[in-house]
Amino acid sequence: MVALLSLTLSSCTTSSIIRTYGPTMGTINRAERVAKSYVRSYNYYKEQLPWKNTVNGTRVRYTWNKSTTLNLAWYDTEIINEGSYISIYNTQTGRLVGRMSKYATDRRSFPVRVYLPYDGVFYDMTADITTLGKTTRQGNVIIYLMMGNRRVESYSMR
């Protein structure tokens with residue numbers, strides 16, 4: 001008799017708990033699915049944006065299909081792909097520091113001041129720009145962000 005009574009009470013309690021918390025758990029699961037879908041769509045649209053910020057403090061702007069780098073920007077320097085030229089600007093003074101043709105083979109280095117938001121520290125680095133030009137058509141431009149002798153990032157501007 002005691003076993004039957006305890007079995008009856010436990011099953012009533014279980015069904016009461018299921019009736020009480022079942023809709024709540026359904027609501028929680030639905031909210032979790034909606035949140036995950038928002039995160040997926042946020043990551044998708046974030047991936048489609050032309051601007052990227054790297055861990056090393058570089059702000060990069062790509063073409064729509066991310067095949068070519070259009071702009072590179074740091075705290076005090078910006079490199080802009082202007083068709084047949086690469087222009088290097090000092091953003092603190094607003095002046096043109098250098099201009100390189102894509103039709104000629106050349107190599108130059110420019111000092112770059114980089115702000116790392118994770119550290120909250122400024123670093124002095126070097127932007128090493130190499131143009132591999134051809135006389136009849138534009139060549140490739142390779143840009144390395146260097147910290148001392150170590151290559152931190154590399155980009156291509158066609």
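**Notebook: helix, strands and sheet**

I counted the elements first: one helix and 10 strands in the protein. Helices (H or I, at least four residues) and strands (E, at least two) are DSSP runs, numbered from the N terminus.

The model is predicted, so I noted its limits: local features need pLDDT of at least 70, side-chain atom pairs count only at pLDDT 80 or more, and totals for chains, interfaces and linings use all residues. Residues are numbered from 1 along each chain as its sequence is written, and side-chain values use heavy atoms, with hydrogens and water left out.

I then read along the sequence. The pattern is α-β-β-β-β-β-β-β-β-β-β.

Next I looked up the sheet. Six strands form an open sheet in the order E1-E2-E3-E4-E5-E6, with antiparallel pairing. Two strands pair if DSSP finds at least two bridges between them. From one strand to the next, the twist averages 15°. Axes for such angles are lines fitted to C-alpha atoms, and angles run from 0 to 180 degrees between N-to-C directions.

I checked one pair. Strand E2 (residues 59-62) joins strand E3 (residues 69-73) over four bridges, in the antiparallel sense. Valine 60 sits opposite leucine 72 in E3.

Last, I took burial and surface. Of the 158 residues, 27% are buried, meaning under 20% relative accessible area with a 1.4 Å probe, protein chains only. The accessible surface is about 10,800 Å², by the Shrake-Rupley method with a 1.4 Å probe. Carbon and sulfur atoms hold 57% of that surface.

Technical notes. Buried means under 20% relative accessible area, exposed over 50%, partly exposed in between (1.4 Å probe, protein chains only).
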